[in-house]
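Please look over the sequence and the fold below. The report then takes the parts one by one.

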Amino acid sequence: MRTAYSVETVRAAERELMARLPGGALMQRAAAGLAAACAELLGRVYGSRVVLLVGSGDNGGDALYAGARLARRGAGVTAVLLAPERAHAAGLAALRRAGGRAVDAGAGERAIERADLVVDGIVGIGGKGGLRPDAVPLATAAGRARAAVVAVDLPSGVDADTGEVHGAAVRADVTVTFGTHKPGLLVDPAREYAGSVRLVDIGLRPGLPAEPALEALQHADVARLLPVPASESDKYRRGVVGIAAGSARYPGAAVLAVSGALRGGAGAVRYVGPAGDAVIARFPETLVSDQGPKRAGRVQAWVVGPGAGDDAATVAEVLAADVPVLVDADGLRLADRDAVRARTAPTLMTPHAGEAAALLDVSREEVEAARLSSARELAARYRATVLLKGSTTVVAGPEGGRPVRVNATGTSWLATAGSGDVLSGLAGSLLAAGLPAQDAASVAAYLHGLAGRFAADGAPAGAHDVAEAIPRAWRDVARERM
């Protein structure tokens, strides 16, 4: 499990640890890890040219001490001081003793042009509101340069707690973060600025609470959650999922949702809607009904909305069921908020940014800029679990008590018509198998992302191909159980 903690929590753990360590020991641990990562990235330290972008806080001190270590190994290290009078004095002295030099910001752009490596130590995890104007030219120069860019703890200019980016920010190739991940490193848009993230253990773990602010499942975590049939399983024990989807205009949405459910391991799929002929033609094992959700037969979960058009009556009928319900696509627009809030069984909503924006009455751009807070707000308004689709999938629970989950297994090749319908069917099958809504959403997002990668493999692939690749993704994860 990859976990992330808020700035306030990290600061408290740092204070607790520093009270038990000799002065400066924690910064030296961070600097050692940072220097090792920089050396690995350079390959050959001796003779390389390293530029440190140094702000006034401890973040700048980490960069200076790491620069001193690189200088002692033969690198030519130049520290660009954005606030010379407030630079970390001991770190700057250590750099100079090791043979490094310091210049003011005016000479920074030229130094960056000649660098092999740029270390971003401008602002730490407490930074808010983007870069200050005097730092913007240096960040821009680093982005243009041929040098690799390493961020210290967090790219300067991004918000550590929210993943939001207000204004200019440093774009790193690698971010070396200390003690624990910060939420902004796992959620877009900030994640895009972080590049590859490396975690350096500095001893914070004992001082961190058991429950993080954010968590990202890994292969082993997903493997433990996979619902694997037992020897006595039948279709009901495996889970029967109802799919109320499709319309005369969008019969394919029904077919794709059913495919996601079947490939996701459902014991059986009951389909309700006007696309029964198309569904049976593709998946003859589907149990098709034209009598509406109430008369469709026994199910353990419902999926409603993909391609449903304006069929508000079916959406309302499904929401009245006493089993878990997944609401997607047109169902999000048609669902009555009070009806969703009044449900006692779990509800999972799966909007993309545009659908979430409509439900929150904000612009799509606002949702994309604040994915974490948008998912939390939507979950609170509807008292539902929300899976916000996008470059990083965000899964927020209805009560705010459990950590928000994020998933980054997806690929841009999943941005294709019908991909979300497949995800809905897959998540619905996991709900029917008995997984809690947040687990079902998280596992589905993880498997769907892997399936998208397997299906595309660097080339265009459609939603049907993604559905067909779900069993391969399942097998890939299930190996962790062996």
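## A helix with a buried face

A residue counts as buried when its relative accessible area is under 20%. This is a predicted model. In helix α12, residues 312-319, the buried residues are Thr314, Val315, Val318 and Leu319. Seen down the axis of α12, these buried residues fall within an arc of 135 degrees, so they line one face of the helix. An α-helix has 3.6 residues a turn, so residues three or four places apart point the same way.

## The parallel sheet

Strands of a sheet pair through backbone hydrogen bonds, either parallel or antiparallel.

Strand β6 (residues 148-152) and strand β7 (residues 174-178) run parallel and are joined by three bridges. Here Val150 stands opposite Val174 in β7.

## The mixed sheet

A second open sheet has eleven strands. Their order is β1-β9-β18-β17-β16-β15-β14-β13-β10-β11-β12, and the pairing is mixed. The edge strands are β1 (2-4) and β12 (287-289), each pairing on one side only. Here too, the twist averages 20 degrees from one strand to the next. Strand β1 runs antiparallel to strand β9 (residues 214-216), and three bridges join them. The bridge partner of Ala4 in β9 is Leu214.

Which helices lie across strands of this sheet? Helix α10 (residues 251-263) lies across β10 and β11 (268-272), running at about 165 degrees to β11. Helix α19 (residues 437-456) lies across β15 (347-349), β16 (385-388), β17 (393-396) and β18 (404-407). It runs at about 10 degrees to β18.

## Two helices side by side

Two packed helices are described by the angle between their axes and the distance between the axes. Helix α18 (residues 419-432) packs with helix α20 (residues 463-478) at an angle of about 35 degrees. Their axes are 8 Å apart. The crossing is right-handed.

Which residues meet there? From α18 come Ser419, Val422, Leu426 and Leu430. From α20 come Ala463, Ala467, Ile470 and Trp474. Seven of these contact residues are nonpolar, one is polar and none is charged.

## Backbone exceptions

Most residues other than glycine have a negative phi, and most peptide bonds are trans. Asp153 has a positive phi of about 75 degrees although it is not a glycine. Asp153 sits in the loop between β6 and β7. Is Asp153 buried or exposed? Asp153 is buried, with a relative accessible area of 7%.

Arg383 also has a positive phi, about 55 degrees, and is not a glycine. Its place is the loop between α17 (371-382) and β16. The peptide bond from Asp188 to Pro189 is cis, with omega near 10 degrees. Pro189 lies in the loop between β7 and α7 (190-194).

Methods: Residues numbered from 1 in each chain as written. Predicted model: local features only at pLDDT ≥ 70, side-chain atom pairs only at ≥ 80, totals over all residues. Heavy atoms only, no water. Axes fitted to C-alpha atoms, helices over the stretch in contact; angles between N-to-C directions. Helix = DSSP H or I, 4+ residues; strand = E, 2+ residues; numbered from the N terminus. Left-handed = near helix turned anticlockwise from the far one by under 90°. Contact = heavy atoms within 4.5 Å. Nonpolar A, V, L, I, M, F, W, Y, C, P; charged D, E, K, R; others polar. Pairing = 2+ DSSP bridges. Buried < 20%, exposed > 50% of the residue type's maximum accessible area, 1.4 Å probe, protein only. Arc of directions from axis to C-beta.
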